[in-house]
Amino acid sequence: RVVVTSSTAAMIPDSPPADPRKIFTEKDWNLESHLGQNPYRYSKRMAEQSAWRFFQEFRSISEHSQRRAGMEMVAINPSFMLGPPLANRTDGTSVALVKDMLEGRLFASGTGPGCYGVVDVRDAAQAHVAALEVPEAANRRFIVSST
């Protein structure tokens, strides 16, 4: 079984949904982002979709050759990850954003409208372990986030 670390950025579009009660699920894809608009979020969708395509092609080849490959894939889609960093660096995206918030650097520009979920890095790690160990997780996507 292969566990892919993706992101909710692969699922949730840049702009708020028309229906403010919209609840995003594992069936959603971010179809708004592109190279000219939020390329980071676009890259997350493209990477995960490429992984799923590879997985489907591999399974198709295995079934055609009548070999039972037994390959399974699970995608873990965490939101904004927070938690104790392993290094003292403060230039990583998550650490830098929190540092900027705490030091008041975002006061003038703000953070933009809306809100976003967070997940403790240790909970995201547990989700990866469960993705490997739980049989029913096979061939599915999972959002790992606060609400």
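The model is predicted: local features need pLDDT of at least 70 and side-chain atom pairs count only at pLDDT 80 or more, while totals for chains, interfaces and linings use all residues. Residues are numbered from 1 along each chain as its sequence is written, and side-chain values use heavy atoms, with hydrogens and water left out.

**Exercise 1.** Determine which strands pair with β2 and how its residues are placed.

*Solution.* Step 1: strands are DSSP runs of E with at least two residues, numbered from the N terminus, and two of them pair if DSSP finds at least two bridges between them. Step 2: β1 (residues 2-5) pairs with β2 in the parallel sense over 4 bridges; here T5 has I76 as bridge partner. Step 3: β5 (residues 140-144) runs parallel to β2 and is joined to it by 5 bridges, with R140 the partner of V74 and V144 opposite P78. Step 4: the open sheet thus has the order β1-β2-β5, with β1 and β5 as edge strands. Step 5: M73, A75 and N77 point one way from β2, V74, I76 and P78 the other way, and all are buried (under 20% relative accessible area, 1.4 Å probe, protein chains only).

**Exercise 2.** Describe the surroundings of R45.

*Solution.* Step 1: locate R45 in α1 (residues 39-64), a helix being a DSSP run of H or I with at least four residues. Step 2: list its contacts (heavy atoms within 4.5 Å); not counting residues up to four places away in sequence, R45 touches A10, W29, N30, L31 and S33.

Key: Buried means under 20% relative accessible area, exposed over 50%, partly exposed in between (1.4 Å probe, protein chains only).
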